[in-house]
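Please open the model in a viewer and keep the selection panel at hand. The stops below are intended to be visited in order.

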There are 2 protein chains.
Amino acid sequence: MNKEQLWQRYQDWLYYNEDLGFYLDISRMGFDDQFVTEMKPKFDKAFADMKALETGAIANPDENRMVGHYWLRNPDLAPDDEIKEAIIKTVQDIKSFSQKVISGAISPTGAHKFTDVLSIGIGGSALGPEFVAEALGTNNSPLKIHFIDNTDPAGIDKILAQVQKRLNTTLVLVISKSGGTPEARNGMIEVQKFYQKHNIDFSSRAVAVTGMDMNSKLEATAKEENWLAIFPMYDWVGGRTSELSAVGLLPAALQGVDINAMLEGAKIMDIATRKPDLKTNPAALLALSWYFGTNGKGEKDMVVLPYKDSLLLFSRYLQQLVMESLGKEQDLDGNTVYQGIAVYGNKGSTDQHAYVQQLREGVANFFVTFIEVLKDREGFSPEIETGVTSGDYLSGFLQGTRQALYENGRESVTVTIPEVNPTTVGALIALYERAVSLYASLINVNAYHQPGVEAGKKAGNSVLSLQNELVKALKNAPSALTLTELAKEINASDEIETIYKILRHLAANNRGLTLEGDLAKLDSLRVSYSS
Amino acid sequence: MNKEQLWQRYQDWLYYNEDLGFYLDISRMGFDDQFVTEMKPKFDKAFADMKALETGAIANPDENRMVGHYWLRNPDLAPDDEIKEAIIKTVQDIKSFSQKVISGAISPTGAHKFTDVLSIGIGGSALGPEFVAEALGTNNSPLKIHFIDNTDPAGIDKILAQVQKRLNTTLVLVISKSGGTPEARNGMIEVQKFYQKHNIDFSSRAVAVTGMDMNSKLEATAKEENWLAIFPMYDWVGGRTSELSAVGLLPAALQGVDINAMLEGAKIMDIATRKPDLKTNPAALLALSWYFGTNGKGEKDMVVLPYKDSLLLFSRYLQQLVMESLGKEQDLDGNTVYQGIAVYGNKGSTDQHAYVQQLREGVANFFVTFIEVLKDREGFSPEIETGVTSGDYLSGFLQGTRQALYENGRESVTVTIPEVNPTTVGALIALYERAVSLYASLINVNAYHQPGVEAGKKAGNSVLSLQNELVKALKNAPSALTLTELAKEINASDEIETIYKILRHLAANNRGLTLEGDLAKLDSLRVSYSS
């Protein structure tokens, strides 16, 4: 295709949303008209699925659940008044609570105002809030936010050290739908103990975001201990699409982010992506590109490159949204399909200096999503050279990289937003939620469950059971045991490798175990307990 | 393979390094003895290449350069005394300079001590320092470090706002081998102007890390303006292997990191990975795993999952090291090969909640590298449940995930280190540098050049030239022009799409341009200049 034809193709396919100042360009994906025609029946089905989902169908059949994240930004769409009112009330409660915290109307004993927020959660309860904090938080946010998003003791210590001096004025959010996610629960217990150690009351500084009337242990704890507040998560909102529920809105509001604008941006994008017409629906255009780029089978990776520092965490957010939704072994008819699309990326032009070498010349196993932000900064830009600013360089590198990749047969999509603000961030979230919904219909998978996540958790828990058993056995053992002897003792000869690893970990943490022998020869090891 | 056989395989292939307390387990990669035998001749060649490289051969033929990053941690290996002494002197200078800065012997006018370091650089001049700061920096580091690693104006503003109150006591490092990398140069100019605006002298707070006697513009500037100090980069150290040169050592030393221990860890690992014997050389074992996992052609991605928050940036560091080194269109004999291995990942168990669903059940286009850290934290861990700590959970999730993936036919490598400290971080860097060297030999590519990076830069620069031309034309135009007219005016009708994008960007940034018409219909647009 020569440059003139390319320019025509660019114009033909360019999507523009006036309300958002948002553009989507898929002209550098190499599909032709025939492909579009062939995809039409699939899209008709996808649009029908979307409509059914939005009107309250059980879109997640395995878990017998409705899928309602679209209602969050337009409660009028909710299937009944109870849901509608719950959504409206929660947003009001979040705004009212946040305003009181920021103004000092709600304040900790012994201080005028809260200064910090410590948010505890993992997965869908962390990635969205982290992305938004990086995108929209400023150095002048009314409360400074910190995240505990793992069960790593050293990681927890590092965050606690950050807030230690202001612990009295640190508000703690514990975010967990079921209340049973171990990482969130562990973080909460460690933080509780830290407050106790410093003789500061935890409950009056603690806020839960959790499922209500769903047997959440977190809800029970928060009520029992009389926490400062509880905000609801809903059965019909999955973790990875919960950023515009209390999960994301509460941390954002506490940082002074305009959550109405986030919701409004998402609502506008929802309207745009509700149109059952491929060419004028940006989420459908994205889904088309993904299907073409990966042959509908995840044959290529999606490399996400926002040319804007504040969007650094968008690809991590998308990793969950895309990979957990689409990465499925079976389709909705029970066929084995091994679906998904791998997502990675950090930011441009930084990543040009990291791995554009491979993107341009190496294994061609990807397509790129460029995210362009038109506005460079608040205020005036100095000239770096005559007539040229650092923002011109950033823009030039994006265009240049897109072009250099295209010349080497590497395809790309370009999303353009006028600036990074609550409206456009809400719109980006909504765009990708819908693109995932539509693409899942195209490939006929359930985008709303995650059956494979349980397996790792179960396997993790069985490792902990084994640990309890072997420690008990060692305490009772009259003398040091070999690995084989210990495994036999607890009837777990099959699990000898796991046993070895548990022992190695415990021995490294002064937990009363001693491993003796040649560490390179595992059959020489003898283990004993002495505490 | 049943569990007993698997345990035997685990023991047979487990690598242990006593000096480092380091383990490598490749038993969950599915190669058999025949594969190992077949690979032997390739490894013999790789070991021979390694030896030649270490003794000063021109290992980077395209650029006619020696490849000497191994000499940095063992100067006795350097091919001549001049190089040897330069290495030793630089490390001494870095330590002496850093100690003086930390103690206040070197201090800014009007204050006792420097408080912050602002490091400006991109790619190899940022990823290593950022990784090490995250891994080894603490809340109590003597100087707090900040990074400008892009040419994003808003990103620069955010970092400058962080240091604004302490600008007088902020030391600036500008890191750029050639001095010509635009992102670093732009960052430097913006920071210089910011100091000027605040009436604080820049030169007496500025340090350059750059190529000496290599016509570096940065060297010239630093000398001309009489900067506080200049540290050398060497012709024979590539950006992506420069973490243990002044590029990485200076920022680390200023944060109080023991750089001798980093170098020592790397030196010990270099010795271990210098052994021309596959089974007892951990880098060779890694290279073998990569070759098997990707069929020697990058057919699968490398997902890197450190179960330790402080190693979060290791995969970003490895993206450059691995992808820029291996992602090549041609092999050393000029055959078109499209090589490489895509690398991504953040940290466990956080990523379990993001995309283990896809890893376990979805498209099987990857192998995993787990990184296990035995020590949980400094000091005592509270119990979360009887006998169980949050660190036990982290460890259990790693084992559980590895096992759950294996049961579904997803392969993995596990690297185990006793703790995250300067020695083990140095060792990890050296391990992967060598694995990349060896793997490049196996697949016969030049790991030390990056011909594809230039294309994006050139394309970027040509966008900026076009911008200058079109602004000039618009200033001279008597009335508003259509895109077509403007393109014709500057003899760039082929570049109309790029012209449109330049205009859109300039118009969004109050640069004197006005775009009028229907923004969705590009042929309706008319552009004029009025400033």
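The tour passes from the relation of the chains to their interface and then to a pair of helices in a predicted model.

**Stop 1: both chains.** Display chain A and chain B together. A rotation of 180° with 0.0 Å of shift along its axis places chain A on chain B, with an RMSD of 0.0 Å. The two copies are thus related as by a two-fold rotation axis. To find the axis from chain A, select Tyr344(A): its C-alpha lies 3.1 Å from the rotation axis, the closest approach of any residue of chain A.

**Stop 2: the interface.** Next, select the residues in contact between the chains: 136 from chain A and 136 from chain B. About 11800 Å² is buried between chain A and chain B, and carbon and sulfur atoms give 53% of this area. Within that selection, highlight Trp7(A), His353(A) and Gln357(A), which supply 6% of the area that chain A buries against chain B, more than any other three residues. Because 100% of the interface residues of chain A are also interface residues in chain B, the copies meet through the same surface.

**Stop 3: two helices of chain A.** Now select residues 33-54 of chain A, helix α2, and residues 282-294 of chain A, helix α10. Their axes are 11 Å apart and form an angle of about 125°, which makes α2(A) oblique to α10(A). The crossing of these two helices, α2(A) and α10(A), is right-handed.

Show the side chains where they meet. From α2(A), Phe35(A), Val36(A), Met39(A), Lys42(A), Phe43(A) and Phe47(A) meet Ala284(A), Ala287(A), Leu288(A), Tyr291(A) and Phe292(A) of α10(A). By class, this contact of α2(A) with α10(A) comprises ten nonpolar residues, one charged residue and no polar residues.

Technical notes
Residues are numbered from 1 along each chain as its sequence is written. Chains are lettered from A and ligands numbered from 1 in the order in which they are written. This is a predicted model: local features need pLDDT of at least 70, side-chain atom pairs count only at pLDDT 80 or more; totals for chains, interfaces and linings use all residues. Side-chain values use heavy atoms; hydrogens and water are left out. Copies are superposed by least squares on the C-alpha atoms of residues with pLDDT of at least 70 in both. Contact means heavy atoms within 4.5 Å. Axes are lines fitted to C-alpha atoms, for helices over the stretch in contact, and angles run from 0 to 180 degrees between N-to-C directions. Helices (H or I, at least four residues) and strands (E, at least two) are DSSP runs, numbered from the N terminus. Angles under 35 degrees count as roughly parallel, over 145 as roughly antiparallel, 65 to 115 as roughly perpendicular and the rest as oblique. A crossing is left-handed if the near helix is turned anticlockwise from the far one by less than a right angle, and right-handed if clockwise. Ala, Val, Leu, Ile, Met, Phe, Trp, Tyr, Cys and Pro count as nonpolar, Asp, Glu, Lys and Arg as charged, and the others, Gly among them, as polar. Buried area is the accessible area (1.4 Å probe) that two parts lose on being put together, summed over both.
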